[in-house]
Amino acid sequence: MSAKPRKKPDELRSHRWYGVNDLRSFGHRSRTAQMGYHRSEYAGKPVIAIINTWSEINPCHTHFRQRAEEVKRGIWQAGGFPVEMPAISLSEPFQKPTTMLYRNLLAMETEELLRSYPADGCVLMGGCDKTTPALIMGALSMNLPAIFVPAGPMLRGDYQGGFLGSGSDTWKYWAELRAGNISEQDWREVEEGIARSPGHCMTMGTASTMTSATEAMGLTLPGAASIPAPDSRHAQMASQSGKRIVDMVWEDLCIRDIVDARAIHNAVTTVLALGGSTNAIVHLIALARRAGVALDLERFDALARRTPVLADVRPSGRFLMEDFYYAGGLRGLMSRITDLLQPDAPTVNGRSLGENLHGAAVHNPEVIRPRDNPLVASDGLAVLRGNLAPDGAVIKPPAMEAHLQRHTGPAVVFDDYNDMAARIDDPALPVTADSVIVLRSAGPQGAPGMPEWGQLPIPRKLLQQGVRDMVRISDARMSGTSYGACVLHVAPESHVGGPLALVRDGDLIALDVPGRRLELKVDETELAARRAAWTPPAPRFSRGFGALYLKHVSQANEGCDFDFLGHAGAAAEDPEIH
């Protein structure tokens, strides 16, 4: 990364709003005075947009009101002018049908906020699953100096003297409740103890996966992603991030100076070493495309074959993110895979990734495993292909029962989520432990928005027989906190005529994870006849953002970005209107 000349005050982007003597600038200055600011507080200083995804419907971000003030403190101390700009809050627990439907909306909002207002640089505040990729996607398209402040994981949950993990233990105890092994009172105690502080999921779900990927890309201060949300060091990190973004503006260190092919490589490799969420595949492909970096499913699979899983964190392992932080955090983990990383990659603090890892240590080798004792030697993720997924599908081998990695069984097909919910626990459902449960109409267009429905429930009658895993296939995603032999992101999706639309009850499906194959054992002549008889379903939306989404969203293997946004440099090429 070659150093750029240090900016002068009249070279700031905000100078066009505040620094020239014309009628428009008079309006900008007089309205800033209306808000109680004297010209000396902002004149000739970097204007820093704080894009804050706080809201009262997002429990992961409840502390962001205070963190924004701490970011502002750092900006003021460094000689900048902070301007907090609220953006849509994508609340994973509440928003239906899925936050994924609105990831691109937040990305668009971030890009347009930064383009249309006098921002010289930005602090991106996110953490709940889709907020992290959305904020970065928008910032990449606008390409200003940017630093990310992650929400941080919540504290460990508590139940009857043991620890609970977000999502992972929800699914676990829900299955036990349905099987009749725990009482409603037990279930209520889990409910009351599983989420007891601000912050996002404290398992290695999508939230921790994506904030860790963001740090590995160089977009946070070193160590920022692992700090628990209530920890005082989290507040300090927010303030230090505010200080640093001011210097980044003077240095003209923009986000696409940092997010290059090396950064993407480091993010993918780190996600794999963490045993991270399968959702990272969709998000990192979208991010890479915004940065102008080539990334596809084959790259994930190739890196997975050589990257060990070292984080013994749920759902793949035993511990939680609080334990991970005390064990050395992300810096500790990355210090054990430096040979797999590209350490010369630049980061927001002006140093290389390798320099930032100097002195990092692991304090608990049970939580962050050594290379000679990995949780899994390789294949933290696997990409499958075959006649059922010609454009790819993904699975998380460490989270499934090993005996299912090679499995052939008859399909039990559900046409959509409502069909599955209505019939999955019917005692007459013709299903055994060897069956392959198939859900369709759950992809980007079919659901719509590709919800986290991919951890399909095991039928109650099988739960009562002791079955806790079986092969399940869908064009949906699943929560990063989920587990099981779940084949996800089948592309093309059934709603646009992908082969998943042609599966019928009783068809044999063969899964071969080591061989990376997913095959529908039906004669091609029969499939051709079914394809000819298939009728495209009606669009899910006819108006509003939903209609825009259906018209422009790409498939899972392409990142589910909009076709008019998924390329680098667009914002920089568009004229700014004054």
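## Strands 7 and 8

Gly 386 stands opposite Ala 389 of strand 8. Strand 8 covers residues 389-395, and its partner, strand 7, covers residues 382-386; strands here are DSSP runs of E with at least two residues, helices are runs of H or I with at least four, and both are numbered from the N terminus. The two strands pair in the antiparallel sense over 4 bridges, where pairing requires at least two DSSP bridges. They form a hairpin with 2 residues between them.

Because 5 of its 7 residues are buried, strand 8 is largely enclosed by the rest of the structure. Buried denotes under 20% relative accessible area, with a 1.4 Å probe and protein chains only.

## Basis of the model

This is a predicted model, in which local features need pLDDT of at least 70 and side-chain atom pairs count only at pLDDT 80 or more, while totals for chains, interfaces and linings use all residues. Residues are numbered from 1 along each chain as its sequence is written, and side-chain values use heavy atoms, leaving out hydrogens and water.

Beyond four places in sequence, Ile 136 is in contact (heavy atoms within 4.5 Å) with residues including Leu 124, Phe 148, Met 217 and Leu 287.

Methods. Buried < 20%, exposed > 50% of the residue type's maximum accessible area, 1.4 Å probe, protein only.
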